[in-house]
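Notebook open, model loaded. I'm jotting down what I look up as I go.

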Amino acid sequence: MRPSRALPVVLILCAAAFTGCSNASPRKDAGSTSTASASASASSSGATSLSSPGTPASSSSASASSASTTPSGGAGATATDQPSDQPSAHPSAQGTRTPHLPRDRVEAAALHTSVLGRNSAGTAGEQAVVQTWMRYWQAASNTLFFVRPDKDLRATARGQALSWVLGDVTKFQAQKQRIVGWARDNVTSVEVHGDRAEVRDCTTNFTFTVDEEGDPLTRPTPFYDVTGHLTREAGRWVVTDIGSKSLTSSCLS
C-alpha cells in the first residue's frame, strides 16, 4: 500500500477497463513502489493533504469531493459506508467524526485520502511515529493523485520510501495515469528503539489507477499488510523504507 492523491473524475464503469490488482493501489507489495489513497478535498490547483501523484487532471475532474480529511481521519462527513475496522479513540485521532469512504468507484475517484483507523500507539514517542507515518501516506496519496510531489513528501520520507513514490510520478506522467481512492490505515504495532522505529499497518484499501479520461485501469486490492521503518533525524521522524503484501482478506485480528 502506499502514496497517492487525485482530483474528482467521471468514471465509465466498464469491466473491460480493468486490467488487474497488482498496481491498483499506492500501497504495493514488498519491493514495489506504490501508495495509498489520499485526501478528499483537492482542488485543481493541487492544494490537499496526502495523496497520489499530480498529473494534470482531465476537464472532468475540475472539482474535488467535499469528503476531505486529515491523515488522522478527523475531518469530513460521517461515513455511511464504513469498513468494518473502527477508528481509534486515541487522542491522535482528532475529532469524533470519520470521513465518508465510499465503495462506489465514481465517488471514490474524487478522493486521495489516507485516514487513521486503529492505532496501537500508547506512549508519546509512539504517537509521534504514527503521526509521521500518516503524514507520509497522505503526502504520497496527494503526490500520486496530482502526479507531482506533495510539499510534505520530502519532509517525511528518505531512501526507498521517497524514491518509489517519485519513480511512480515519472511513470504516471509518461502514461497519463494517476491513483485515486482512499485507504484506512490500521496501525497494529509500533516499536521505538532510540532513533529507529518500526510500524505494522493492516490497511483497508480502496484505491485504483485511472487513465487520462478517468476510466479505471485496475481494481482495488482489498487489504495490505505493511511494515514501515522510520529514523529520527534532528529530532524529527522520517519514513525510510516500506514493504507490503497484498491480501484478499483482512489481516486484522
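I started with V147, which counts as buried at 1% relative accessibility; buried means under 20% relative accessible area, exposed over 50%, and partly exposed in between, with a 1.4 Å probe and protein chains only. I'm working on a predicted model, where local features need pLDDT of at least 70 and side-chain atom pairs count only at pLDDT 80 or more, while totals for chains, interfaces and linings use all residues. Residues are numbered from 1 along each chain as its sequence is written, and side-chain values use heavy atoms, with hydrogens and water left out.

V147 sits in the loop between α2 and α3 (153–156). Helices here are DSSP runs of H or I with at least four residues, strands are runs of E with at least two, and both are numbered from the N terminus. I checked the backbone of V147 too: phi is near 55 degrees, a positive value in a residue other than glycine. Most residues other than glycine have a negative phi.

I found another one in K176, with a positive phi of about 55 degrees although it is not a glycine. K176 is in the loop between α4 and β3, and it counts as partly exposed at 46% relative accessibility.

Q177 is in the loop between α4 and β3 as well. Buried or exposed, I wondered about Q177? Q177 is buried, with a relative accessible area of 16%.

**Overall layout**

I count four helices and six strands in the protein. Along the sequence they follow the pattern β-α-β-α-α-α-β-β-β-β. Of the 253 residues, 56% are buried. The accessible surface comes to about 9800 Å², and 52% of that belongs to carbon and sulfur atoms; the areas come from the Shrake-Rupley method with a 1.4 Å probe, and for residues only the protein chains shown count as cover.

I looked at contacts next, meaning heavy atoms within 4.5 Å. Among those between residues at least 6 apart in sequence, 75% join residues at least 24 apart.

**The sheet**

What order do the strands take in the open sheet? Five strands run β2-β3-β4-β5-β6, with mixed pairing; two strands pair if DSSP finds at least two bridges between them. The edge strands are β2 (112–119) and β6 (236–247), each pairing on one side only. From one strand to the next, the twist averages 25 degrees; axes are lines fitted to C-alpha atoms, for helices over the stretch in contact, and angles run from 0 to 180 degrees between N-to-C directions.

I then went through the pairs. β2 and β3 (residues 178–193) pair in the parallel sense over six bridges. Among these, S114 is partnered with A183 in β3, and L116 with D185. β3 and β4 pair in the antiparallel sense over 15 bridges, where I179 has T209 in β4 as its partner. Their hairpin has two residues between the strands, and G194 there takes a positive phi near 65 degrees.

**Helices on the sheet, and the cores**

Helix α4 (residues 159–175) lies across β3, β4 and β6, and I read an angle of about 65 degrees to β6.

I looked up the largest nonpolar core, which has 31 residues; W133, Y136, L230 and I242 touch the most other members. A nonpolar core is a set of buried Ala, Val, Leu, Ile, Met, Phe, Trp, Tyr and Cys residues joined through side-chain atoms within 4.5 Å. α2, α4, β3, β4, β5 and β6 each supply at least two of its residues, and α2 gives the most, with nine. Another core lies apart from it, with twelve residues, among them L101, L111, F146 and F208.

**The disulfide**

I found one disulfide in the structure, a pair of cysteine sulfur atoms within 2.5 Å. C202 and C251 form it, with their sulfur atoms 2.0 Å apart. The torsion about the S-S bond is about 105 degrees, so the disulfide is right-handed. It links distant parts of the chain: C202 is in strand β4 and C251 in the segment after β6, 49 residues apart. C202 is buried at 2% relative accessible area, whereas C251 is partly exposed at 28%.
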